[in-house]
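Below are a few points to go through with the model open beside you.

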Amino acid sequence: MSETTNKKLIFTKEFTRQEPIPEAGIQRAVALMQSGRLHRYNTADHEISEVSLLEKEYADYIGSDYCLGMSSCGSTIYVALKSVGVLPGDKVLCNAFTLAPVPGAIENAGATPVFVEITKDYVADLDDLEQKASQSGARFFLLSHMRGHIVDMERVVDVCDRLGIVLVEDCAHTVGCRWNGRFTGTFGKAGCFSSQTYKHMNSGEGGLLVTDDDDVIAKAILYSGSYMFYERHISKPPLEVFERHKKKVPNFSLRMSNLVAALIRPQLSDLDRQCKRWNRRYTLLASELSGAPYFYIPKRPDKEGFVGSSLQFTLTGVDFSDVEIFLDTCADRGVEIKWFGAREPVGFTSSWESWQYIEDRQELPNTRNTLDFMCDFRIPLTFSMEDCSVIAAVVKQVALEIFGTKDNNHLLS
Ligand SMILES: *Cc1c(COP(=O)(O)O)cnc(C)c1O
């Protein structure tokens, strides 16, 4: 070690602490509880339910024809896959870096994931997509915008059109995000969003499915459990479309409750402002870390209208065996970093190798190599700009301590 004795920096705030629900949401939720009308179809004459209002507002916000509120994003993915025609035994392409509910939704639809490699910038490798599509004959691509990283969407649409592949987008982490000015979730047949606590709008649990397709929305509404009250939706196709499907589509009972919609609606009105607040924090953290030794942070493309509610970086020029020591030391100093390189699934983090219910073992050397050195942490809006500076300082200090002792003493100056 160098002679310099740096004071150990410590961060003390919680990475899992979200902001309170906006007062308007709390008031509306209380009024609903007083009325007892919590079920979306429990409406008085001519009354429009909270869930129906949210669906209309969300469809208008992102510019899609239709929206359906459901119980979680995982359930919207499952229902979207069924509604666009995935049948048991089908293969569904999916980028391998994603969250466990995504392969879970494919499994739930009776289909098998065919994993696509990711690049060093954490997005789906579109060359590998083409190759896997040809090899497997899969007709569906479930693209997961994991941790808010958006791949070149023009190219995705081009590949899907050329190969006759139906695109479904998992936008759990891209609420409020755009590619080249257009919202994610509107590039394919259906888009799936989350309002789970750790995403961009917090209702505890919740999912929103969007589509421009009359048959897809009618089937999704029926699958979600409409009890044949689908005429009470505002965001819906002509009623004859339901006639085509209503006796063929089972009721999976995955509805959204009015209470959930009441919490989301005021957060939707405030979403763009919140996204800017995330991006100020992200930009500060990314600029502090990008210049430092051992850190690689992908440059975000100009077309990527991302929301930096979490930050990922790759440790470079370090030994794999030191990564865990780095993470443990950061944790000791109060900075909780998640690691998709871990061999065992922990908390929210698991990699495709631990989804062993998928029988077909798939080797993905590039994804493995990227995940081995990729670090990931949340940026809750309860963190101030100053907090973000402290986090950056802690992480840089730990990196110098752990990695700098080997042959880089000069970096400690
Ligand atoms: C959170 C998340 C999901 C699942 O959302 P839930 O609402 O918890 O079901 C799916 N995909 C990604 C990328 C996510 O981050």
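1. Asp 372 counts as buried, at 10% relative accessibility; buried means under 20% relative accessible area, exposed over 50%, and partly exposed in between (1.4 Å probe, protein chains only). Its side chain meets that of Arg 343 in a salt bridge of 2.9 Å, N to O, the term being used for a side-chain nitrogen of Lys or Arg within 4 Å of a carboxyl oxygen of Asp or Glu. The partners are 29 residues apart, with Arg 343 in the loop between strand S13 (338-339) and helix H12 (365-373), and Asp 372 in helix H12. Arg 343 is partly exposed, at 48%.

2. A word on the basis: this is a predicted model, in which local features need pLDDT of at least 70 and side-chain atom pairs count only at pLDDT 80 or more, while totals for chains, interfaces and linings use all residues. Residues are numbered from 1 along each chain as its sequence is written, and side-chain values use heavy atoms, leaving out hydrogens and water.

3. Please look next at helix H1 (residues 23-35); helices (H or I, at least four residues) and strands (E, at least two) are DSSP runs, numbered from the N terminus. Gly 25, Ala 29 and Leu 32 are buried in H1. These buried residues fall within an arc of 60° seen down the axis, so they line one face of the helix; the arc is that of the directions from the helix axis to the C-beta atoms. On the other side of H1, Glu 23, Ala 24 and Gln 34 are exposed.

4. What covers the buried residues of H1? Helix H2 (50-62) and helix H9 (258-269) are included in that cover, where contact means heavy atoms within 4.5 Å. After H1 comes Gly 36, with a positive phi near 80°.

5. Salt bridges that share partners join Arg 28, Glu 50, Glu 57 and Arg 265 into one network.

6. One more pair deserves a look: Asp 127 forms a salt bridge with Arg 155, with the closest N and O atoms 2.9 Å apart. Asp 127 lies in helix H5 (residues 126-136) and Arg 155 in helix H6 (residues 153-163), so the pair ties together parts 28 residues apart in sequence. The structure holds 26 salt bridges.
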